[in-house]
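Here's a quick briefing to read with the model open beside you. Grab your viewer and follow along, topic by topic.

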Amino acid sequence: MRIKKFTASHAQEAVRRVKQEMGPDAVIIRTRTLQQPGDGGTGTRKVIEVTAAVDYDPDYEPGQVTPAIFPANVEDKWEKLTTEVRELRGLLWAFQAHAGLSPEIRYDEPLRDRYGFLKRIGLNEETMKRFLVSGGNDGAPHRSQPSKAQSIRQCLLDVVNAIPVTGDRRPSRGGQEIRSFIGPTGAGKTTTLAKLAALNAVQRKRKVALLTLDTFRIAAIAQLETYARIMALPMEVVHTKDDIIRGIHKHRDCDLILIDTTGRSPNSRREIAEMGAFLDIGERIHHYLVLPATARYGYLSEAARQFGALPIGSYIFTKLDEVEDTSDMINFLLMKQQPLSYVTTGQQVPEDIASPTKKTLASMVLNKCGAGDDRSMAEVC
């Protein structure tokens, strides 16, 4: 190490001399103010003394700029680091699996693969328990164990098959259907109702009538009236239980009656109970609980618990186009085991609504996993 002292009339000049003589890597380790004799030997003047140090470089020349040096194989090193991090993550998941599983299956390699996949797609510990069954050879030693890709693919199929779906509800011959749309405020009930109305009236040529209880939200009636006018559908605004009964009897000739309701907070137990009593009219009504896919698992669970005061027939999830991670919705559907009827992916009527298929469910499950993250995942995706 080379150490040298510099004096100057001010700090900026001292630093400039340090950098000029010792190079840009020099480090200032001490500064102090000194009194020196003035010019002509009379009086004193203040000067700055700077002590600097640098690792000795015999080839350094004053004024030389040291170029930044980057390793030529930086991309290779980055790829190696990424691989090591991925392996460490896999080891951590394997360690967690060992800690939580019984001794007779904790050394089952396919089971560990399943555990890692379930963690990757965002399933919580409670949800994944049903899928942590032995992934080996089912007690038949002559059978070869499945590959990692086969194990993960089967796990994906198990998750998808565990989500109940009703498919697109088709009418029974000669019977009228009545469906209501209930759920929290802002979930998209009115737009979803309009999509199903258009799907049935315009594309399937069925006779559809609309009823709305949503007289609370500003412009709610006007919004539904606009949809009804465009599709040439009859619409009734109902304020009482008797109004609903009269509206249904008035449109007995319709194949389908869709009922829009006022959005309620999951915390408003009294209002939810009142709505349940309002819709208890002695008719068979299929109640859709409409929930946003953007909501977290805790909110979805609480909403299902509170709105469960009504006999929920199935779920509709909206706003899938606004969310990248659908693991909260997947966990919810797996835990509740209530059928999923429709998902919506935008505001267009009626294009942005569909009944979920196995393929769309698999896509939603894999939304969080980072498809293509490794070779086996790419094969599954």
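Glutamate 274 is partly exposed, because its relative accessible area is 43%, a value in the band between the 20% and 50% cut-offs. Its salt-bridge partner is arginine 270, with N to O at 2.8 Å. Keep in mind that this is a predicted model, and that the pair is one piece of a structure holding 15 salt bridges.

- Glutamate 274 and arginine 270 sit four residues apart in helix 9 (residues 269–279), which is about one turn of the helix.
- Arginine 270 counts as exposed, since its relative accessible area comes out at 57% and the exposed class starts over 50%.

- Arginine 17 pairs up with glutamate 21 through a salt bridge of 3.9 Å, N to O.
- Both residues belong to helix 1 (residues 11–22), and because they are four residues apart there, about one helical turn separates them.
- Arginine 17 is partly exposed at 26% relative accessibility, and glutamate 21 is partly exposed too, at 27%.
- There's a network here as well: salt bridges link Lys4, Arg17 and Glu21.

**A bridge between two helices**

- Arginine 114 and aspartate 158 form a salt bridge with an N to O distance of 3.0 Å.
- Arginine 114 comes from helix 3 (residues 109–120) and aspartate 158 from helix 5 (residues 148–161), so this pair ties together parts that lie 44 residues apart in sequence.
- Alanine 149 is buried, because its relative accessible area is 10% and buried means under 20%.
- The C-alpha atom of alanine 149 is 8.9 Å from that of aspartate 113, and the two residues are 36 apart along the chain.

**Histidine 287**

- You'll find histidine 287 in strand 8 (residues 286–292).
- Histidine 287 counts as buried, given its 5% relative accessibility.
- What does the side chain of histidine 287 make a polar contact with? The partner is the side chain of serine 180, at 2.5 Å.
- Setting aside residues up to four places away in sequence, histidine 287 touches Ser180, Ile182 and Leu279, plus the run Pro311, Ile312, Gly313 and Ser314.

**Nonpolar cores**

- The largest nonpolar core has 58 residues, and the members touching the most others are Leu118, Tyr315 and Phe317.
- Ignoring neighbours within four places in sequence, leucine 118 is in contact with Leu123, Met128, Phe131, Leu132, Cys155 and Val159.
- Apart from that core lies another one, of 24 residues, including Ala194, Ala197, Leu258 and Ile353.

- Look for alanine 232 in the loop between helix 7 (220–231) and strand 6 (235–237).
- Alanine 232 is exposed, with a relative accessible area of 66%.
- Glutamine 337 is another non-glycine residue with a positive phi, near 55°.
- Glutamine 337 falls in the loop between helix 11 (327–336) and strand 10 (340–344).
- Glutamine 337 is partly exposed, at 37% relative accessible area.

- Which residues make the nonpolar surface patch of about 290 Å²? Ile3, Val27 and Ile29 do.
- Valine 27 belongs to strand 2 (residues 27–37).
- Valine 27 is partly exposed, because its relative accessible area is 47%, between the buried and exposed cut-offs.

Conventions. Residues numbered from 1 in each chain as written. Predicted model: local features only at pLDDT ≥ 70, side-chain atom pairs only at ≥ 80, totals over all residues. Heavy atoms only, no water. Buried < 20%, exposed > 50% of the residue type's maximum accessible area, 1.4 Å probe, protein only. Polar contact = N/O pair within 3.5 Å; in protein donor to acceptor, adjacent residues only side chain to side chain. Contact = heavy atoms within 4.5 Å. Salt bridge = Lys/Arg side-chain N within 4 Å of Asp/Glu carboxyl O. Core = buried A, V, L, I, M, F, W, Y, C linked by side-chain atoms within 4.5 Å. Patch = residues over 30% accessible without salt bridge, like charges linked within 9 Å, V, L, I, M, F, W, Y side chains within 5 Å. Areas by Shrake-Rupley, 256 points an atom, 1.4 Å probe, with all protein chains shown as cover.
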